[in-house]
Amino acid sequence: MLSALLWLPALGAAVVGFLPGNINGMRLRSIASAFAAAIFILNIWLLTQFDPANSGLQFQEYLPWIPQLGLSYNLGIDGLSLPLLVLSALLTLLVIYGTGEGIERPQLYYALILLINAGIAGALMSQNLLLFVLFYEVELIPFYLLIAIWGGKQREYAAMKFLIYTAVSGLLVLAAFLGVAWLSGSLNFDYRAITTQELPIKVQLILLTVLLVGLGIKIPLVPLHTWLPDAYVEASPATAILLGGILAKLGTYGLVRFGLQMFPETWSIIAPALAIIGTVSVMYGALSAIAQKDIKRMVAYSSIGHMGYILVACAAGTKLALIGAVGQMVSHGLILALLFYLVGIIETKVGTRDLDVLNGLMNPMRGLPTASSLLVLGGMASAGIPGLVGFISEFLVFQGSFSIFPIPTLLCILASGLTAVYFVILLNRTCFGKLDNATAYYPPVTFGENMPALVLAGIIFVLGIQPAWLLKWSESTTNAMVATLPTDRNAQVAISYPVGDSAIKIASTETNSADAE
């Protein structure tokens, strides 16, 4: 079953890429959409077969590949990888469906998107460290080409910068994995067969630092973020959705899977430093977004801030914070995809992304009322307004992190308020005001063009009202991960948090009074 999620998009890329050249772009989009829809349906079926109460791996597949190198075809999923798999399949389908008719070199374009989906799925399902690195690096060339061919005016510079940074990221992750295996005396790179407990703490600190720098580039975290504004802004809206909504999640996924879970004792030692880095990323992203005049660059900087929440939650290492981190990964992907898609519509119809030029798009007669309304909803979700999916994720992160890192958490809450500030600036200047009668005759946005944004908005709203549908898949897995952390650091107290008509058993954390004394 898991192999189908990996090889079906690869097959789709091959079929689309080698079709006769006289097939028009709309026919190619239909074929690519059919493959993407099949992948999404498989993910939904997998969701129905998944047992949320089981914290271990499910649907495992294993085949020896190159045993001399310790490389095996070892696949499996749990509550950490499953939500991200479904998110990847959904965004891939919406990106392909939302592509316009006039896309240049459509065969290569759709083939690259399907290859990206295959690589992301492979990385999320890999249970062998070398196999993970293989899929982690497979994304480089497709994304490089998507930025370099279909990007903006500075696309060559942005694409090369992205390539260099992410190549270094992969090399650092590989170096950390090789160091763990060789120093622990293991000839097997299967994740479950490797342990770091026998290694000296200083060695573990070095290996974990190398791993975190590599993953921090991919997320990205401050000060490793400098590739992101250029790549996100110069990339097409579809590519930006894939970059922020899917690719960046490999960094946060690796943060939990390989950082927290493989180095539990060392993780607790460096957790205060990680909380500080996460808080700096959150504040930097929010303040930088406020200073932007380009709405696409504003959304790009906001992404840095929201990814910082995940690091703070992982550093806290409580049950409540960790399940909030997984929820934040998914909610961030949905919200960022909605915002980038709408920015793309505005740029296409109006011809600019400049806040000093945009005005009055909410005008029901000559503006873009539907796109503007959805932009308001996306801004509210990003700011963490209750009733939308962004709220529950951030609330769980803050609630779970406060007892461990109160000051960083309070600063993150302050930054959440700043998020509302820059989105109010964006919405006030873009959606409201008076249109220029001489220039404001924008082409209408068709229902088909609005459809991907409507789907994303609907999911953001539904999961905000009923977050149990998002969080229940990960609870058992995150609880098991927290159980591997040193028990003398904090005491876990189980509570029941009501969500809609059901209740999710999650955990709040309170400092051990004996340790405090």
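**View 1. Helices H1 and H4.** In this predicted model, the axes of helix H1 (residues 2-17) and helix H4 (residues 106-125) come within 8 Å and cross at roughly 165°. H1 is therefore roughly antiparallel to H4 (an angle over 145 degrees). Axes are lines fitted to C-alpha atoms, for helices over the stretch in contact, with angles from 0 to 180 degrees between N-to-C directions. Helices are DSSP runs (H or I, at least four residues), numbered from the N terminus.

**View 2. Residues between H1 and H4.** Contact (heavy atoms within 4.5 Å) involves, among others, Leu2, Leu6, Pro9 and Val16 of H1, and Tyr110, Leu114, Asn117 and Met125 of H4. The residues of this contact comprise 14 nonpolar, five polar and no charged. Ala, Val, Leu, Ile, Met, Phe, Trp, Tyr, Cys and Pro count as nonpolar, Asp, Glu, Lys and Arg as charged, and the others, Gly among them, as polar.

**View 3. Ala10.** Ala10 lies in helix H1. Ala10 is partly exposed, at a relative accessible area of 22% (between 20% and 50%, 1.4 Å probe, protein chains only). Its C-alpha atom is separated by 38 Å from that of Asp354, 344 residues apart along the chain.

**View 4. Helices H10 and H13.** The axes of H10 (residues 237-260) and H13 (residues 319-350) come within 8 Å, crossing at roughly 170°, so H10 is roughly antiparallel to H13. Contact residues include Ile241, Lys249 and Tyr253 of H10, and Met329, His332 and Phe340 of H13. They divide into twelve nonpolar, six polar and one charged.

**Notes.** Residues are numbered from 1 along each chain as its sequence is written, and side-chain values use heavy atoms, with hydrogens and water left out. In this predicted model, local features need pLDDT of at least 70 and side-chain atom pairs count only at pLDDT 80 or more, while totals for chains, interfaces and linings use all residues.

Note on methods
Helix = DSSP H or I, 4+ residues; strand = E, 2+ residues; numbered from the N terminus. Parallel < 35°, antiparallel > 145°, perpendicular 65-115°, else oblique.
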